[in-house]
Amino acid sequence: MMKKRAFIKSIALGGLSIPMLGMTQSGKDQTELFGQAALLATKLKLGDTIGLITPAGVLDDEESIRIAGEVFTTLGFNIKEGKHIRSRYGNLAGTDQERIADIHDMFADKSVNAIVCIRGGSGTSRLLDRLDYKLIASNPKILLGYSDITALILALYAKTGLVTFHGAVGISTWTKKLAEAFNAQFVANKPSIFENPKSKGDNLVQTKDRIATIHPGIVEGTLLGGNMTVLTGLCGSSYLPSFKDAILFIEEVDEDMERVDRMFCQLKNAGILGIIKGFIFGKCTDCKPSGGYGSVTLDQLFNDYIKPLKIPAYTGAVIGHIAEQFILPVGAKVRIDASQGTIALMEPALKD
């Protein structure tokens with residue numbers, strides 16, 4: 001879901017513990033948990049092969065596919081395209097069966113070391129009940145994507161314990177800074193501290209990418225989250241992991257405040273906000289006031305839903321449909337400092 005109603009412009013970047021793995025929000029056992037807590041993929045080395053797939057929205061031009069491939073060959077990797085990345089079924093990148101086949105093929109292929117989603121869009125949630133989680137758990141690999149790919153990221157964690165990565169997709173604008181972040185995470189495999197850029201430019205104080213503390217404090221927990229619409233859409237299903245003692249991060253795009261309010265309410269009523277240990281809000285890109293009699297603001301929603309939790313929480317992190325977003329390991333143990341606006345990875349998110 002790179003943008004839910006229209007194709008958004010290309011986006012630039014900018015042990016582990018998993019509590020209560022295999023439990024739904026209601027506490028019922030999941031019946032398909034084939035992996036283990038802290039299931040880690042292996043880090044990359046130059047010359048490894050990266051598989052390109054499109055689990056969500058259709059790619060409407062060949063140039064995007066070529067550029068995505070060139071990005072990773074320039075970085076020193078081989079690429080392998082999914083068989084169906086040029087398929088189309090309405091607004092989707094092929095039928096459900098075709099998109100599932102590409103996911104399964106990439107995880108099963110021993111020559112493929114990592115999987116990058118070329119874009120988001122919509123439709124990933126349609127696939128979750130037919131994925132072979134046993135196959136995936138038996139072949140843990142790096143998976144990178146965001147937006148609608150949130151559905152796949154959370155489902156793989158819920159069902160297998162696999163730590164995957166929320167960040168730039170293939171058609172993002174791959175700057176040198178993004179390339180450095182990619183290599184730091186996937187090749188060097190070093191624990192990192194994620195914090196917003198500190199540049200003031202010509203201004204006396206920083207005006208861009210500022211963080212705002214909702215409630216101060218430092219806390220450790222398992223990092224879980226993604227796109228708000230996709231995440232709340234999984235509520236009540238076995239594809240949403242338990243958020244007990246988690247650090248929840250969310251971002252949104254192209255929504256009005258009435259809908260954002262409704263989603264916060266869903267997170268509260270589903271019991272998720274009541275059990276998390278920390279909260280991070282990224283960017284609400286192209287979000288707008290509701291019509292009619294006026295609109296609540298994001299700050300009012302934070303005051304209503306997050307501040308009363310009295311847990312470390314901040315907003316403004318460079319996460320979402322924006323330039324220079326973080327590459328975050330979902331399912332990894334992190335420490336956040338809500339006053340400084342930092343996310344510190346406690347241990348490597350990949351095996352050497």
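This is a predicted model: local features need pLDDT of at least 70, side-chain atom pairs count only at pLDDT 80 or more; totals for chains, interfaces and linings use all residues.
What is the order of the strands in the open sheet of six strands? The order is β2-β1-β3-β4-β5-β12, and the pairing is mixed. Residues are numbered from 1 along each chain as its sequence is written, and side-chain values use heavy atoms, with hydrogens and water left out.

Let me begin with the sheet. Helices (H or I, at least four residues) and strands (E, at least two) are DSSP runs, numbered from the N terminus. Two strands are said to pair if DSSP finds at least two bridges between them. At the edges of the sheet stand β2 (78–81) and β12 (328–330); each has a single partner strand, so one side of each is left without a neighbour in the sheet. On average, neighbouring strands of this sheet are turned by 30° against each other, direction ignored. For such angles, axes are lines fitted to C-alpha atoms, for helices over the stretch in contact, and the angles run from 0 to 180 degrees between N-to-C directions.

Within the sheet, β3 (residues 114–117) and β4 (residues 142–145) pair in the parallel sense over three bridges. Val116 stands opposite Leu144 in β4. Helix α2 (residues 96–108) packs on the sheet and touches β1 (49–53), β2 and β3, where contact means heavy atoms within 4.5 Å. The direction of α2 makes about 170° with that of β1.

I turn now to the salt bridges. The term denotes a side-chain nitrogen of Lys or Arg within 4 Å of a carboxyl oxygen of Asp or Glu. How many does a search of the whole structure find? The search finds 17 salt bridges. One of them joins Lys288 and Asp254, at 3.6 Å from N to O. Lys288 lies in the loop between β10 (278–285) and α8 (298–306), and Asp254 in the loop between β9 (246–253) and α7 (257–269), so this pair ties together parts that are 34 residues apart in sequence. As to accessibility, buried means under 20% relative accessible area, exposed over 50%, and partly exposed in between, with a 1.4 Å probe and protein chains only. Asp254 is buried at 12%, whereas Lys288 is partly exposed at 38%.

A further salt bridge links Glu258 with Arg262, the closest N and O atoms being 3.5 Å apart. These two residues are four residues apart in helix α7, and therefore separated by about one helical turn. Glu258 is partly exposed, at 46% relative accessibility. Elsewhere, salt bridges that share partners join Asp96, Arg99, Arg126, Asp129 and Arg130 into one network. Asp129 and Arg130 form a salt bridge with their closest N and O atoms 3.3 Å apart. Asp129 is exposed at 53%, and Arg130 is partly exposed at 37%.

Finally, the cysteines. A disulfide is a covalent bond between the sulfur atoms of two cysteines; the cut-off applied is a pair of cysteine sulfur atoms within 2.5 Å. Which cysteines form the one disulfide found in the whole structure? They are Cys284 and Cys287, whose sulfur atoms are 2.2 Å apart. Their link is left-handed, with -80° about the S-S bond. Cys284 is buried, at 17% relative accessible area. Cys235 is also buried, at 17%, while Cys265 is partly exposed at 28%.
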